[in-house]
Amino acid sequence: MGKPSAPTPPDPVATARAQADSNVNTATSNAWLNNTNQYGPTGQIEYQQIGTNKIDGRDIPRFSQTTSLTPAQQQLFNAQQGVSQKAYDLAGNYADRIGAATARPFSYSNMPAAPVYDEAFRAQQRDAIIARNQPSMDRDREAMRTQAINQGIAPGSEAWMRLQDDSNRGINDFRLAADTQAGGEAARAYGLAGDSRDRAIREEQALRAQPINEIAALLGTGSGVQQPQFGATNQYNVAGTDVAGIYADNYRSQVQAYQAQQQANSAMIGGVTGLLGAGLGGWAGGGFGALGGLAKKSNSY
């Protein structure tokens with residue numbers, strides 16, 4: 001029986017190469033399985049191999065994905081693109097208008113002045129109201145005096161003083177009402193001036209913004225064509241092969257077999273050695289006894 005030879009360990013470079021080849025094959029298989037063409041009412045998505053790339057000496061397939069519309073959707077898309085192009089061309093022509101509208105810095109210098117509450121105007125309105133009604137108040141006061149005298153109320157008497165107080169309170173109430181009315185007129189004038197200024201500002205802003213708004217509207221013309229919508233495709237994944245693990249397991253099996261054979265050979269050699277030792281011991285004892293007998297016979301001659 002020959003002496004067993006130890007198994008050769010796997011070459012790590014060759015193992016890595018084999019593992020990489022297996023991984024590439026697995027990835028390629030997954031790519032072919034998962035690049036599924038899809039077809040719907042608005043269009044389709046198709047996959048096609050368009051060549052290979054050489055990576056580390058391996059040919060790796062390259063794929064393209066093509067999305068296309070149905071004839072009706074393609075016609076709609078072309079029409080919408082034509083409208084959009086015209087709108088963009090028109091917007092480009094309007095760009096000069098934006099430059100002209102915004103070339104002059106925004107200014108309030110040519111607008112109505114900011115309103116200020118005019119106290120003098122309020123006083124003028126109050127005095128005008130009182131002046132308009134003063135003749136009537138004077139006539140009423142004189143009529144009251146005449147009526148009092150005709151009734152026998154003497155000037156300076158207590159009854160006379162009460163009539164004067166009533167007249168003065170009426171005049172004061174009228175003056176307060178006139179002052180309030182004048183304040184309302186001043187507030188209305190303030191509001192009118194503010195409205196005039198605000199309107200002028202809004203008009204100026206509108207003139208500057210109008211070209212910009214027109215271009216924005218042109219650029220946003222059309223809602224676009226709906227792109228084909230598809231559901232998720234089934235994903236098929238081929239599990240990678242553990243080539244390095246297979247090589248390692250095979251090598252361990254070979255080492256275990258080699259060790260078992262070594263142990264068996266060692267046991268066999270030990271048994272043969274024991275048998276040989278026992279045989280030689282018996283032969284040596286018998287042989288020497290026979291030689292002694294021969295010697296005795298020789299001496300008797």
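Predicted model: local features only at pLDDT ≥ 70, side-chain atom pairs only at ≥ 80, totals over all residues.
Residues are numbered from 1 along each chain as its sequence is written, and side-chain values use heavy atoms, with hydrogens and water left out.

**Stop 1: helix H1**

Now colour Thr-15, Gln-19, Ser-22, Thr-26, Asn-30 and Asn-34, which are buried in H1. Buried means under 20% relative accessible area, exposed means over 50%, and partly exposed is in between, using a 1.4 Å probe and protein chains only. As background, an α-helix has 3.6 residues a turn, so residues three or four places apart point the same way.

**Stop 2: the sheet**

Next, show the strands. Three of them form an open antiparallel sheet in the order E1-E2-E3. At its edges are strand E1 (38-39) and strand E3 (58-69), each pairing on one side only. Two strands count as paired if DSSP finds at least two bridges between them.

Begin with E1 and E2, which pair in the antiparallel sense over two bridges. Select Tyr-39 and you will find its bridge partner, Gln-44, in E2. A hairpin of three residues joins E1 to E2.

Then move along to strand E2 (residues 43-55) and E3, whose antiparallel pairing covers twelve bridges. Gly-43 stands opposite Leu-69 in E3, and Lys-54 has Asp-59 of E3 as its bridge partner. Two residues lie between the strands in this hairpin, where Asp-56 takes a positive phi near 55°.

**Stop 3: an aromatic pair**

How many aromatic pairs does the structure hold? There is one. Show the rings of Trp-32 and Phe-63: their centres are 5.0 Å apart and their planes stand at 80°, so the pair is edge-to-face. Rings of Phe, Tyr and Trp (its six-membered ring) pair when their centres lie within 6.5 Å; planes under 30 degrees apart count as stacked, over 60 as edge-to-face and the rest as tilted. Because Trp-32 lies in helix H1 and Phe-63 in strand E3, the pair ties together parts that are 31 residues apart in sequence. Trp-32 is partly exposed at 49% relative accessible area, and Phe-63 is partly exposed at 25%.

**Stop 4: salt bridges**

Finally, turn to the charged side chains. The structure holds ten salt bridges, each one a side-chain nitrogen of Lys or Arg within 4 Å of a carboxyl oxygen of Asp or Glu.

Centre the view on Arg-122, which is buried with a relative accessible area of 13%. Its salt bridge with Glu-119 has the closest N and O atoms 2.4 Å apart. Both residues lie in helix H3 (residues 119-150), three residues apart, about one turn of the helix. Glu-119 is partly exposed at 41%.

Arg-122 also forms a salt bridge with Asp-179, with the closest N and O atoms 2.4 Å apart. Arg-122 lies in helix H3 and Asp-179 in helix H4 (residues 158-219), so this pair ties together parts that are 57 residues apart in sequence. Asp-179 is partly exposed, at 28% relative accessibility.

Last, select Glu-158 and Arg-162, a salt bridge whose closest N and O atoms are 3.2 Å apart. These two are four residues apart in helix H4, about one helical turn. Glu-158 is exposed at 62% relative accessibility, whereas Arg-162 is partly exposed at 46%.
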